[in-house]
Amino acid sequence: MVLQNSRQRILDTSRPLSIAMRLHVACWCLASAGFATPQLACAQAMQLAKNYTIGAGKLSQVLAVFAARAGISLVYDPALVLDKVSPGLSGNHALGDAFARLLNGTGLEAVAKAEGGYALRPKPAALPLLAPRPLAAANAQAAAAGARDDAVLMELVVVPSSEPPAAVWGVAAASSSATRTSTPLAEIPQSVQVVTQDILASQQSQSVLDALHDVSGVNIYNRGAATAVYIRGFLAPARINGLAQGPSLIDYASSPLHTPLAAIDRIEVLKGADSIVANGDMEPGGLVNIITKQPQAEPVRQLTVETGTQGHQRVALDLAGALSEDQAWTHRTILSASRDADAIDRYDSARDLYFAPSLGYRHDGTVAVAGISYQRNQQANEGLGPIGLVDDGLLSTSLGASFDLQQKLGSGWGWQSKGNYMRTRLSSRSYDCIASDASDAGNALRDCQSTALESTSYGWNLENSLHGSFHTGALKHTVLAGMALSYSWRAAPLVDTGQPMMATLERSSLPEVPAGNLAPSGPAVTLNYNNWFVQDQMAWRRWHFLANLGYTRAWSHSTDAQTAAMTSQHPLSKPVYNVGLSYQLSDKLTLYINRQKSFVLQAPTAPIRYDGGPPGLYNLPSTDGKSLEAGLKLSMLDERLLLTVAAFRASHAGVLYSDSSSSPLLQAPTISRGMEFDLNGSPLPGWNLTAAYSYTDFSYGQIPGYEVISSLIARHQASFWSSYDLQTPAWRGWGYGVGATARSGYPNNSGDHIGGQVALDGNLRYANKLWSLTLGVRNLLNRRLYGSFADLQQGIGFEPGRVFVLTGRYNF
């Protein structure tokens with residue numbers, strides 16, 4: 001017994017020595033193999049092992065996920081990883097062992113850089129067995145080789161990609177929307193929800209608005225051409241690849257929310273007041289950033305055909321691949337066409353045609369993408385009236401172009417320039433009808449008046465930034481500085497207003513809208529925005545601090561088409577900031593807090609005076625938006641499931657209200673408070689899940705002496721979507737999905753109370769390597785449902801009944 005205890009004590013006391021000896025041996029072996037200098041080799045060998053669960057896949061995507069989870073920087077020449085795959089990684093591994101397993105069979109190895117971080121290079125060829133050389137000569141040659149390698153590696157810095165991979169179903173590894181740099185979600189001190197391709201395909205989403213239904217805190221306003229997204233109760237701007245789209249600041253018909261899903265890679269929802277990222281105006285709820293599909297070397301040849309009840313039809317073609325043998329030149333072409341006979345409420349024949357070819361180039365640290373787009377979109381107008389003929393509604397024809405150029409500058413620095421241009425022509429035919437107090441709003445007679453409108457607008461956006469990283473002691477800085485410019489112009493609309501007549505909201509109850517006497521109505525308008533920003537992301541151990549400062553300058557000019565009177569808004573400037581702090585309590589749990597600011601410029605149309613100023617000058621003070629948010633991000637089940645919890649308070653103050661007979665009145669601040677939960681991932685093999693819940697206490701700021709404004713926002717909203725792919729060999733390829741959305745009731749401005757509701761959805765699918773087929777059903781119980789911002793008296797905001805959709809995809 002004594003001998004046994006003595007042995008145990010001997011073994012216990014010798015274990016640290018044994019571990020130390022193994023570490024020193026590992027250091028010596030790594031250094032001898034050329035993995036790193038001895039000091040760096042020791043640092044890598046002594047790093048504690050971490051648990052990884054990374055599936056096999058494209059080497060570039062697997063490495064991006066690994067670098068984010070390991071908390072390291074990794075650079076390489078993109079040509080090295082083309083057409084290479086990685087077997088993935090599972091279990092506890094130290095850094096050196098993890099690299100070896102990830103790169104097994106690729107002919108590559110990882111080396112540590114003297115200034116920090118790691119780089120990839122081809123494995124050196126094995127040397128023949130020769131007579132031993134003197135040690136000094138061997139060391140000199142090794143040092144020279146290491147110097148040459150280090151010099152080459154310094155030239156192989158890759159500009160951060162804006163294409164974060166989703167290695168786990170529904171879970172994005174990183175985002176570039178919140179910081180303009182590709183940053184792991186765990187390090188972003190902000191709630192960022194990403195709707196990935198997995199979720200879009202599994203739920204059979206049919207539009208951007210449809211895809212956002214399962215994101216916490218989001219409400220959808222859908223009136224055909226007039227579509228909008230509200231986040232935490234506030235109107236949210238939409239962006240494409242971080243930029244406003246063409247003249248969308250003036251013309252809602254060219255909103256990014258009308259982008260077809262065939263062109264979309266993912267949708268990122270940022271919560272909070274961040275005018276810096278928005279490059280100008282925004283309320284304090286958040287914004288939507290749509291990331292489009294980019295040219296790529298990996299071949300894509302996919303045809304999608306979709307049909308459904310209520311006249312839904314869609315055809316889409318996605319083509320991509322390399323144009324040169326070295327795969328430096330790539331392309332992508334998106335073609336999409338759709339038709340919905342019953343688009344919204346009683347409106348007929350929404351149609352959309354979209355064509356977008358693009359060209360890419362990637363070589364020696366240069367990444368460039370350029371493309372054009374054409375979209376012909378016909379939607380219902382927002383007005384309360386029937387659209388009885390195919391040609392009625394609002395027709396928008398847009399032609400655009402965009403570019404994105406990234407260039408490395410060496411030593412971890414690079415710059416990016418991106419921009420877009422869009423020209424839009426509008427043609428509108430609609431009826432505006434007053435509301436009815438009748439119980440049967442759809443059949444009640446009311447006064448209606450026809451309106452024909454034509455308009456032309458264009459706009460461009462440009463953003464340039466310089467980014468890089470460096471260390472000050474143990475503190476790592478990732479800095480970015482840049483400037484964004486925006487210009488929008490709209491000609492004076494041409495309008496023809498018809499005579500009033502009595503009609504119902506029933507289909508075909510009114511004649512076709514005439515358009516014979518179009519005349520200028522309203523002013524021609526230009527808007528200009530300049531936004532300067534500087535940002536520093538600081539990392540120290542488990543702490544990550546984000547500091548962002550922006551300064552926006554805006555002005556406008558308008559000319560009345562009838563009187564030729566000109567009105568200018570003097571240049572207004574507004575400084576804003578965004579600060580956030582996150583702490584990784586463990587490899588699984590991150591706590592964060594942030595404080596953000598935003599603003600909206602105000603320019604009422606009435607010739608009013610404010611604060612003693614002359615009439616006609618719209619130089620009103622901008623609004624003040626603020627948001628405070630705290631939350632946590634928890635990775636569970638070996639990083640297969642991601643939970644985000646956020647508590648927030650957002651306020652919008654300084655909002656002025658006016659009409660033609662009074663001076664502006666200052667509204668009380670609008671306040672929104674609440675909690676949000678978002679859960680995404682794959683808890684078990686084959687089982688995929690996305691779920692959300694939000695509690696929103698939203699209250700509009702009231703105007704003294706005016707009627708109380710209803711909130712229109714349901715306090716409780718919840719949704720989930722669960723899908724399962726059968727795992728038995730006999731049923732391989734089959735799967736199904738079920739989901740539900742629910743919300744509490746809310747009052748509207750007409751005095752109605754819209755009751756709470758629950759909707760059930762589901763689908764059944766089969767997929768193999770070449771083709772897939774999905775049969776889905778929406779509103780399975782065929783219940784009477786209302787959308788957000790519904791109004792019973794006006795007869796708007798009704799959701800469709802039970803709808804069946806069949807989607808087929810073929811990869812040829």
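Modeller: Keep in mind that this is a predicted model. Rolling a probe the size of a water molecule over the atoms shows where empty space is left. Here, a search of the whole structure finds 9 cavities of 30 Å³ or more.

Biologist: How much space lies in the largest cavity?

Modeller: The largest cavity holds about 140 Å³.

Biologist: How many residues line the largest cavity, and which lie nearest its centre?

Modeller: Its lining has 15 residues. Nearest the centre are A244, A278, N279, N461 and S486. Two elements, β24 (446–472) and β25 (475–490), each give two or more residues to this lining. The largest share comes from β25, with 3 residues.

Biologist: What is the lining of the largest cavity like by class?

Modeller: Count 8 nonpolar, 5 polar and 2 charged residues there.

Biologist: Now the second largest cavity. How much space lies in it, and which residues line it?

Modeller: About 120 Å³ lies in the second largest cavity. Its lining includes G170, V171, A172 and L185. V192, Q193 and V194 also line it, as do K633, L642, T644, D678 and N680.

Biologist: Which elements give two or more residues to that lining?

Modeller: They are β10 (192–195), β34 (641–653) and β37 (670–684). Of these, β10 gives the most, with 3 residues.

Biologist: And what is the lining of the second largest cavity by class?

Modeller: Here the lining has 6 nonpolar, 4 polar and 2 charged residues.

Methods: Residues numbered from 1 in each chain as written. Predicted model: local features only at pLDDT ≥ 70, side-chain atom pairs only at ≥ 80, totals over all residues. Heavy atoms only, no water. 1 Å grid on protein atoms, 1.4 Å probe; cavity = no way out; pocket = protein on both sides within 12 Å on 5 of 7 lines; lining within 4 Å. Points joined across faces, edges and corners; volume = space filled by probe spheres on them. Helix = DSSP H or I, 4+ residues; strand = E, 2+ residues; numbered from the N terminus. Nonpolar A, V, L, I, M, F, W, Y, C, P; charged D, E, K, R; others polar.
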